[in-house]
Structure formats: structure tokens, C-alpha cells
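Me: Got a model open here and want a quick tour. Can you walk me through it?
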Protein chains: 2
Amino acid sequence: MIDRWEPYLESHAGEAQTLIEQLCRQPSIAAQNLGLNETADLAQSLLDEAGFATQQLKIEGAPPAVYGEQRGRNPFTLLLYNHYDVQPPDPLDLWESPPFEPTVRDGKLFARGVCDNKGEIGTRLAAIHALRAVDGELPITVRWIIEGEEEVGSPHFAALAERYANLLRADAGLWEGGGFDVDDRPEIALGTKGLLYVQFEVEGTGIDAHSGEAPILPSAAWRLVEALASLRTPEGGSRIPGFYDDVLPPTEVQLEALANKTDNEEQLRQAFQVDQFLDGVTGMELRERRAFRPTSNIAGLLSGYTGEGVKTVLPARAMAKMDFRLVPNQDPDDILAKLRSHLKAGGYEDIQVIKLGGAEPVVTPMEHPFVQRILEISERFAGKPPSVTPIVGGTLPLLGALRRHVGVPGLMGPGNAAYWASGAHAPNEHVRLSDIDRAVRFNCTMFDALGQS
Amino acid sequence: MIDRWEPYLESHAGEAQTLIEQLCRQPSIAAQNLGLNETADLAQSLLDEAGFATQQLKIEGAPPAVYGEQRGRNPFTLLLYNHYDVQPPDPLDLWESPPFEPTVRDGKLFARGVCDNKGEIGTRLAAIHALRAVDGELPITVRWIIEGEEEVGSPHFAALAERYANLLRADAGLWEGGGFDVDDRPEIALGTKGLLYVQFEVEGTGIDAHSGEAPILPSAAWRLVEALASLRTPEGGSRIPGFYDDVLPPTEVQLEALANKTDNEEQLRQAFQVDQFLDGVTGMELRERRAFRPTSNIAGLLSGYTGEGVKTVLPARAMAKMDFRLVPNQDPDDILAKLRSHLKAGGYEDIQVIKLGGAEPVVTPMEHPFVQRILEISERFAGKPPSVTPIVGGTLPLLGALRRHVGVPGLMGPGNAAYWASGAHAPNEHVRLSDIDRAVRFNCTMFDALGQS
């Protein structure tokens, strides 16, 4: 049976690509406050043309967020989340075509943001155009929020979610999505880890000293090394008392989902250029660690002389940056308090701990009816079981804000045209044109199927 | 009784200053290979004019060293060591007068190298001129070596000392010297600590990774922190097995000398901008630690992201620089071997240890007749007991080379015009004009007295 939107899609081949190219041609770099108002206006007009009642949501200090609502046949309300901002394109000299001039090569569309995530805005829009053309209306009610600061950590999204909670309420949400994996299985992710990001600063002496004075002077670098070493066991576990108190163990269905994921160990080893993973783990143990283990990562270290050769200096100051990835139900502020207590108990009152970021872990349970519905739709669409990630290792601060102020259960589905190794955040970001087509069809299928539930 | 050289010195007031200004006007920056040949030629001509038979000693890859010999009345042979190179003058904008334009302000002569140590070359020359003018010859035989790479660690001095050992043999040596302390007591130092300088390099992943992968990827930064923490106790002691095996305890006379030193704790606290010293030590314990304790210092630390704000990265690489200051009879290569064994035993085979420098500790015993002679001469000259440092915290790699290949017992006497806080290695380096005069007179007295022994 041919889906009823197929004739429209065939006669409008390239509509999604055109929409994506329009968005990608407009630079929108949040880190540089570049082109944000213009891109918000463009996104708003594209939503207008797709039948949404739109407005720009304003928060002091933030670029406008674009909001649209469109009533559908079924009162079931779906909240879509996207962002119109992109990462800076640097290093520019590694791009084979200019980052803001969308270019097709070898069946792929190259542009900054095409994968993360203007491509998804385009495929969602194209599917909505198709369904409206065929049915005169959408099968479900769609609310759509497109912010402009995701690539800088969504610093104003909590304020936005709090102020505009009424506009964002929905039965379920689809966040910035994924795609299909190397085996063409739909990729679905049900949540993200939380984050506590801190900077440690230590001052020993007032000025850098000759290292001949090391017998009598306090050393900032040693204090830092000892304080850091006190935080973690050599096996990677946390030494902070109470760190694991609130950690939920994985459920049976989460473990089953992990076990059924496509094997990508070889690709991971190649991507990170390692011979083996930490402690030589592999298989199910590797998957479990990756999904469910909270971490204590050193992101940066700096003290003293770091140039070529020899300088015999006792550095006045030392600095470290650490991120702790948290799992349900760890709370970043609780972990921060425990970290501070631990350092104090160890006599490290001289170590200043500055919080630079925090976000809650957000995970939708496998058993949630919306999750089960998307799994069914995806499997039917692809003819293959989806590959489900219960928790991804990264963090989306906006999810915590949404959960706190709105409370929509959500997931990341295969509606983006992203595919493995597509250069998100890197030079020559691209998607395959065939993936754009598939994503549009998946979105048509999904919106339609949700309208039948 | 007026010393017989006084009339000469009074009629030639300013001769030392003129010599020093001549030397300081000629830039000679070893780190930048700037002006070294010119300065060697200038120094050689100044030694010629002072009655020395001179030559330039050549070692492949090194700037020429200047050598002079002058037979005196007494066969007692004294080896003088100096260097004609200086530290780079950066940061230039902090100089109140140009670093290579010697300038007098407030009774002080400002110039790069005036304290370290062109000033000493000038005061030694001026004293030799005076004694030759009065007596027609020097009271003792003087051999003088002036190298051009001290400020970059004397990398070719061992080869020079080995090749020209015959020229450098002497009954005793005076190294680059000190001055008089805040109480006008002559400062005498009898040796320097040794040094082992190493760089640790660790590679975890082949490329920087998203820190969300921390559960499964090896972390170079954590490996480095753990390896470093394994090297030292929180109290500052070494955990390297055998580190202290060859350490000689201080002798009674060394401790007595330390006890009789001028108290400068308050000045040290101010200089390093600390409220108190490590572990709150003070008094004799502070002095003992400073002189006799070998150290494990972190001179540099670098890994990952060290800029402003947040970057959630798992760094591929981490680096540390460490210097170990060694006391008699520790040996840098022995300590390096013990360090490597310790890391291997701890499972840290992934930590690469690169030796960047090494030097033996060199200490002349208090009991040595030459030491006792200089102490007597200094006390008679100043009317106050000298302040003796058995071992200074710093390292002069040339001393180890000299001891190995030549074997001249030596010390640092008060013949330099240096005084406390004179800005050696820093902007606005200077000496007091009155200290230049005193240093010339001390050198006359000392050469003369050594001729009477």
C-alpha cells in the first residue's frame, strides 16, 4: 500500500532540501551573537507558511525563541523542540565548501547546522506541508519551540520554560532527534545524563617562586593534584561520600534495550583512536557503563610553565575544570554540596570550587506509553527493531528545565536526517540527501500514526 | 691602617662602574643567541687589559668561553667563575630605563645583568687593576673562566670542563658570588642542590573526546593526576622507594652555621606573599628544611581546556613538568631510575618520563681550609661574622661539571655587588653604587689575604 502522502512528496521532491538550504544559508552563531534575530524571523516565517500560529518568545538577555501552535484533527498534543542556532564553523580552512553556502557533493548536503539541527527543522516542516496538502490539516496538534541558544548550553531556557509553561504543555515531546544507525535501524534515545561542571582554583604563594624554595613554600599544583586524587578511585569510582546515594539501578527493560542495540564497538574504537576501552571492558558491560555510570571527568588542568623545555618554577596558582555526568536521580546541587563537604573534610579549604554549570539528568522510562508507541511506529516504518539508548552520555540542559517547569515526557526519535559521523560541531558537517528523504517520510508516518492512537 | 690600594681606588673612583657599564651596554642573551660573540670579545679584551693571558675556549654548538690566566706572587691558584650572558629583559614595558642602557637613579645602577653577573666581573677586574697598579703583580695566581650559557643551564659546560680540565685546575674556586645581607654581614654559600628535571607525557585517547564518553574511555588527565599523587606524601615527602637512601644528614657545623644566619623570615614571607611557610614551620626548622630537604616540585601542568567557562571535553593528552632538587649524595640519574621503577611498579607504564635536565648537588664542607680562610677574611673585612648558607636551594649545573672533570673546591663569596631584592632575572635589575665600591674593596682584601696564606 502506498502512503497517501507519497504522490505529494514525489511531486515536491526537494522541498525539504530547499527549506534546509534556506535555513543553513542564514548564519546563526549563538556563541558570537551572530545572525540570531534574522534566523528567528526566518524560522517564524517558515512556521507561518506551514500553518502555525506563531510568536516570538522573549526573555531578557536571550535571542528570541520561535513558538508556533497548530491544532490538528486529534487533540493529542505533541511538543517539538529544536534550536535554530549552530556551532561556530571554525576552523574555517578545513571546510571544503563555505559553511554557510549549502553545497551538494556525492549525494550529501554540506553546511554548518545541516545535521545539528536545521536539517531536522526542514524535515519536520516538509512532512507538515505534505500532510496539510493531503488532509487539509494535521492529524495531531503540534506545538513547536525553537530556541536560539542550545549550542551555548541554553542559559535562558529555564526562564523561558517557567514563563511560558502554558504554551509548552503537551501530551508528549520530541526533542532534537537522531536518525538511523549503520544497520538502518531507527535510533531512539530516552534521556540524557545530568551535569555538574566546576572549576577548582588554588593559590599557594602570592607570586611564582623559584623552585629552590619548594622545601618551605606551599605548592598550589600539589594541593590541586592531591585534592583531585582524593575525588576518585583509580578504578574510576567516586570517593565523594554519598555520591551514589540517589543512583537508580537500570531496569530490566533498559538492560534489554541495551542488549538489543546495534554493535558499534569497532566504530567507537576508531572514532576515539583507542585499542581498547577503559579496563578492557566490552560487550554488555561496556554498554551498561556507557549508559548508567555517573562520571568524574577532568576537562582541563593548568599550572605553572607549560612551554618547551625547562623552567624551574614553583607556580603560584593551579586550576582544574571537572565535569560530573549524573544519572537519575542524582542532583547537581546535591553533588556539589557533597563535593564541597568532602574537600572540607579532607582539609582542602584552600581549594576554591566554582560552579560553572549544572543540569539534571532526564530519562523517560521505557514503559511509558508514548515510548512504546514511537517504538512500534519506528519498527513498522523501518521493518527493523529500533536501536534504543536509555540514557545518552551527553547533557541537554533544556531538558531539565522543561521537566522542572512543564513536565512533558519526551524522547529523541529518528526524525532528524543525522547519520553516524556526520560532522556535527566539526568542519564539513553534512547529511545524506537520502536521509533527508527518509526523515521526511518517517515524520509523515509518525504524525499520522500518532493521530490514530 | 689604610689599605695600600686605597689611594688608587680613590683616584680611580668609578673605574668598576665604568667597566660594568661597558659590559652591560652590550646585550648578551643566551636564550636568544644574541650578542654572544661580541660580548666574549669584549670580555676577553677587558681581561687582556687587566694583565691576563687570554684565549677563547670553543665547544661545538656553544658560544665561546673566555679564559684568562695571570701568574701572581704566590703560587696559590684561584679559579674564578663568571658568565657573560644574561637573562632576556622581558617584559620590556616594566623597565623604567632601557635594559641595555645602564642608568643611575637614586644611587643605584640599573641594567640587565648588572647584578647577575656582569657587576661581579667588573668588581673583580677593578680589584685586579688596583692590586697590579700598587704591587706590579697579583698576590696570587688567578685563572678565570667566563662562559656564555649560564642562563640557559650551561648545556656545554661539562664538555668544556672535560676538554680544558688542565686550564681549570686550581687550589680553590670562587663561583658566581653573593654580596652582603640586610645586616651588612658577608654572605657566603658553600654549595647548591642538584636537580632532576623531567616531563611526564600521557596519551589516553587518540583525539579529544566528548566527556559523555568518560565511562568507557581512558583519561590521560586522571592517569597523570594519579601518577603524580603516587610520588609524594601530603606532607611533602617522597614516596619513591630509595629516594632518601643516599641523603647525608647535616653536620654539626652546618647546623651551627644555619643557626647563626641573619633572620630573614619576614623578608621571605613578603617576597613570596605568603602568610606562613609550609606546615607553619619557622626558625631553625625552616632553615634546616630550606637547606637540607630534597624536593619534588610540580613546575607545570597542562591538559584539555584551560580557557574561560565550560568545555565538556575528555582530553586526549596530559603533561606535567617536575623538578626534584637533590642534596648530597643523591644522584640525578639514580633518582630518575628509581622514579621510573616506582611508576612501573604502580602500573603507570603509560606515563612517558622524559629527562630534560640533571645536575649533581655540589657542597663544599664547612671544615675545608679554604672555606675557613674566606670566613676569616670576610669577618675581618666586615667586622661582623659572615652569614653562611651550607646549601642554597637553587642549582648551578656547571658546578657538577667542574667537580666531575676538574675537582676544585669552591664557594660563593661576597665579591659580587648583589644585594637583597636586586631584581636578578626581573625588570629593573640593579645594584647599589655603594655595593660596587664595597665589593671592589672586598676583592682587593681577599686576593691580598689569600696571597699571605
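Me: How many helices and strands does chain A have?
Reply: Chain A has 14 helices and 19 strands, counted as DSSP runs (H or I of at least four residues for helices, E of at least two for strands) and numbered from the N terminus. This is a predicted model, where local features need pLDDT of at least 70, side-chain atom pairs count only at pLDDT 80 or more, and totals for chains, interfaces and linings use all residues. Residues are numbered from 1 along each chain as its sequence is written, and chains are lettered from A and ligands numbered from 1 in the order in which they are written.

Me: OK, new topic. How many residues of chain A are in contact with chain B?
Reply: 62 residues of chain A are in contact with 62 of chain B, contact being C-beta atoms, placed from the backbone, within 7 Å.

Me: Which element gives the most to that side of chain A?
Reply: That's β12(A), with nine residues.

Me: And what does β12(A) pair with?
Reply: β12 (residues 295-304) of chain B, antiparallel over five bridges; pairing takes at least two DSSP bridges between the strands. Leu302(A) sits opposite Leu302(B) there.

Me: What rotation superposes chain A on chain B?
Reply: 180°, with 0.2 Å of shift along the axis and an RMSD of 0.2 Å, so the two copies are related as by a two-fold rotation axis.

Me: Which residue of chain A comes closest to the axis?
Reply: Leu302(A), with its C-alpha at 2.4 Å.

Definitions and conventions
Least-squares fit on C-alpha atoms with pLDDT ≥ 70 in both. Contact = placed C-beta atoms within 7 Å.
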